[in-house]
Amino acid sequence: SALVSAATGEKREIQYPRKPDGKPKYPSEIFGENVFTLKTMAKALPKPIFASFLKQRRGRQNLDKTTADSIAHAVRVWAMDRGATHYTHWFQPQTGSTAEKHDAFLSLVTNFTPGGEEATPIDLFSGSQLLQSEPDASSFPSGGMRTTFEARGYTIWDTSSSMFVQKGPNGTSILYIPSVYISYNGDALDEKTVLLRSNDVLSRAATELVNLLEPESHVSHVYTTLGTEQEFFLVDRKLYSLRPDLKITGRTLVGQLPPRHQQLEDHYFGRIPSRVMSAISELELECLRLGIPIKTRHNEVAPAQFEVAPIFEEASVAVDHNLLTMDVLHKVAHRHNLRVLYHEKPFKGVNGSGKHCNWAIATDRGENLLDPTVRPETNYRFIIFLLAVLRALQEHAPLLRVAISSSSNEHRLGAQEAPPAIISAFLGDQLNEVLDAIEENRPLKNFSVPQFQSIKVGGTVLDVKVSALPHISRDLTDRNRTSPFAFTGNKFEFRAVGSKQSPSFPVTVLNCAVTAAIHEITQALRTQMGDKVVPSDEDKLKVIREYIKQTKGVRFEGDNYSEEWVTEAARRGLPNIKTAPEAFTYLIKEKHMDMLTKETGIFSEGELRSRYHILNERYAKDVIIEAETLHALIGQQILPAAFEYRKALAESAAALSVLKVELGPEVDALNEVAPLVQTLQREHKKLAEALTQLADSEEHGANKHAVTACSTVVPAIARVREAADALEAIVADKYWPLPKYTELLLTI
Ligand code: ADP
Ligand code: MG
């Protein structure tokens with residue numbers, strides 16, 4: 001069809017930055033040039049002011065007026081030198097993306113002259129403007145936290161994340177101030193406030209435990225680290241613009257797989273198509289300037305699917321950087337006539353996209369508490385923190401399930417390419433053996449690590465020294481891509497997180513659950529120690545053994561996709577929460593709610609209930625939007641196309657019969673099409689009925705509404721799709737009104 005050739009977008013390449021002498025700049029020289037880093041700030045501020053800022057930042061106290069005014073002045077000058085005309089408090093409402101409202105630096109002051117009043121323009125940015133702004137943001141989801149008549153929400157500068165400038169329109173730029181978003185009463189209305197709180201409590205709990213285990217370690221602060229592997233699809237913009245389903249819902253609601261898609265496994269790690277390569281390298285350049293350390297890029301499994309991953313950073317900064325990367329890629333893709341799709345399952349039948357959250361805990365001494373080191377079996381500190389994570393999973397797996405639940409991620413969870421809804425942890429053979437040996441009080445089985453491995457390359461035999469690798473234990477952790485939560489050497493990889501969602505809530509929940517587990521284990525250790533100040537190895541081992549036994553049920557090394565695992569998990573009593581609306585209810589179940597509120601103090605009960613409301617409401621809205629989009633698409637485009645084709649067949653049959661030509665083929669085709677058209681029309685009607693039924697359920701509360709959407713509208717959507725896809729397979733191409741998967745997936 002005419003659409004196939006739509007891909008030939010104009011070539012567009014940017015120039016990689018060069019030094020005055022014409023040589024290319026090194027990435028390390030570009031890194032962070034658009035960021036108002038601490039170093040830049042130190043240069044721009046008088047010494048005592050900078051020192052006082054650092055002090056206040058660490059204590060997270062309010063900044064005093066003089067300091068705030070000085071920083072505001074310095075950052076304005078710095079930003080305006082880079083073309084900034086506006087500033088914005090950049091924040092993360094519970095919509096999964098970021099929000100911003102721009103204000104100009106321009107101000108007017110009134111001069112009283114002998115001739116009368118006169119307004120003089122000045123550029124102004126005060127400390128109080130920097131610290132806080134009050135967007136009229138009454139339209140963000142608040143789950144009933146704010147009534148519209150007192151809709152005030154405040155954005156407040158998060159001093160732990162650096163300000164930066166980004167390109168604006170027409171050669172200008174904008175100063176971004178990373179912010180939290182809270183209500184008049186101080187309730188969190190966003191994703192970041194709770195993440196920062198969870199970092200704080202985890203830090204306190206982990207610091208206490210580390211110092212109890214090893215008093216000489218003098219750790220004063222612990223933080224979580226996060227590296228987000230971001231998967232996405234890139235499709236041609238013009239083709240995209242012809243698919244209302246993609247535009248409105250982010251995924252294709254109809255469409256059949258082409259004969260070749262991912263089965264040859266030729267796309268994964270293959271050569272990156274050149275248009276994509278220039279878009280991704282432009283993304284990387286922008287990210288460098290923004291101080292985002294993108295490290296890896298590669299093709300993913302599905303055609304047109306790709307991944308970028310940064311070097312890990314402190315978790316709340318990593319979250320900012322992930323959201324910013326997504327935003328920059330969206331803009332850059334546009335400039336290359338591409339459209340990025342972040343939906344977890346834009347195409348039925350090929351792999352969906354995830355955001356693997358690599359997570360670990362580090363001390364201010366630079367040590368990773370989840371690093372097993374060379375002899376994990378005697379590294380009690382490592383084992384205890386590992387067990388804390390397992391304990392967190394065992395106690396609060398349903399919360400992790402809540403944190404990854406959305407209507408879009410449902411299409412991915414449990415499907416063959418993504419981890420299932422049963423949350424378990426994979427540790428790998430060696431670590432399992434370490435835990436088993438400790439539990440059974442026996443020596444460790446010998447892991448036969450080949451000292452040298454000979455590899456023949458051409459005519460030469462090379463000796464590869466395996467023992468030269470830094471951590472034998474790390475390299476023995478094999479990979480289990482089916483696990484939703486896998487230990488990968490020195491970190492956990494939470495693989496079930498969706499590509500579209502913010503990593504913030506999953507990390508917050510994980511931090512909370514691990515904090516609760518650390519509290520519990522610390523208490524157990526103190527009880528075991530009695531009056532001692534420092535626990536003996538025997539004390540540690542006793543506690544370790546107890547927790548190994550207790551948490552055994554969440555360890556699973558096998559194939560998470562198998563039917564046997566579903567049965568086995570049920571036998572172990574692990575929750576298998578099949579749908580998102582069911583998952584949401586766990587957020588307000590007593591055990592989990594108590595942990596999130598009373599035990600760790602991360603959420604107030606009101607904040608949790610509002611979040612529960614927002615999650616349910618969002619789920620139902622997403623399903624309704626899909627249903628309405630599909631309903632219109634079928635009624636306005638697909639059924640009419642099928643009618644046309646049927647008519648053409650009927651007319652040609654009639655014409656042929658006048659000429660007394662044998663009618664077999666046309667009548668056969670007609671007999672094939674006609675019943676499918678009927679089925680589609682019937683399912684189309686039923687979809688409308690399901691929507692009406694859903695509207696009736698709304699009065700029974702947000703969860704009932706979501707549950708009904710899930711049980712009635714979601715299957716109705718699937719049945720319509722089945723009928724439409726069957727038609728797509730037989731209707732002549734020239735009648736089909738939409739670009740097909742072949743075009744969308746294989747044209748970049
Ligand atoms: P793989 O998962 O294939 O082993 P990498 O080792 O490159 O890939 O890690 C994937 C992601 O995990 C990267 O973003 C990396 O920075 C991140 N990562 C590595 N170590 C840690 C850590 N200690 N804490 C958090 N993330 C980490
Ligand atoms: Mg990985």
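1. The model is predicted, and the comments should be read with that in mind. Among the strands, S10 makes the greatest contribution to the shell around ligand 1, supplying 4 residues. Strand S10 covers residues 222-236.

2. The shell around ligand 1 consists of 15 residues, and the closest of them are Thr225, Gly227, Phe312, Asn358 and Ala360. Sorted by class, 7 residues of the shell are nonpolar, 6 are polar and 2 are charged.

3. How do S10 and S15 run relative to each other, parallel or antiparallel? The two strands are antiparallel, with 9 bridges between them. At one position of this pairing, Val222 lies opposite Thr363 of S15.

4. S15 also pairs with strand S20, which spans residues 492-494. This pairing is antiparallel as well and has 3 bridges. Within it, Trp359 has Phe492 of S20 as its bridge partner.

5. Is S15 mostly covered or mostly open? Mostly covered: of its 9 residues, 8 are buried.

6. For the protein chain as a whole, 22 helices and 20 strands are assigned. The chain has 748 residues, of which 45% are buried. Among contacts with a separation of 6 or more, 74% are between residues 24 or more positions apart.

Definitions and conventions: Residues numbered from 1 in each chain as written. Chains lettered and ligands numbered in written order. Predicted model: local features only at pLDDT ≥ 70, side-chain atom pairs only at ≥ 80, totals over all residues. Near = placed C-beta within 6 Å. Nonpolar A, V, L, I, M, F, W, Y, C, P; charged D, E, K, R; others polar. Buried ≥ 20, exposed ≤ 12 C-beta atoms within 10 Å, placed from the backbone. Pairing = 2+ DSSP bridges. Contact = placed C-beta atoms within 7 Å.
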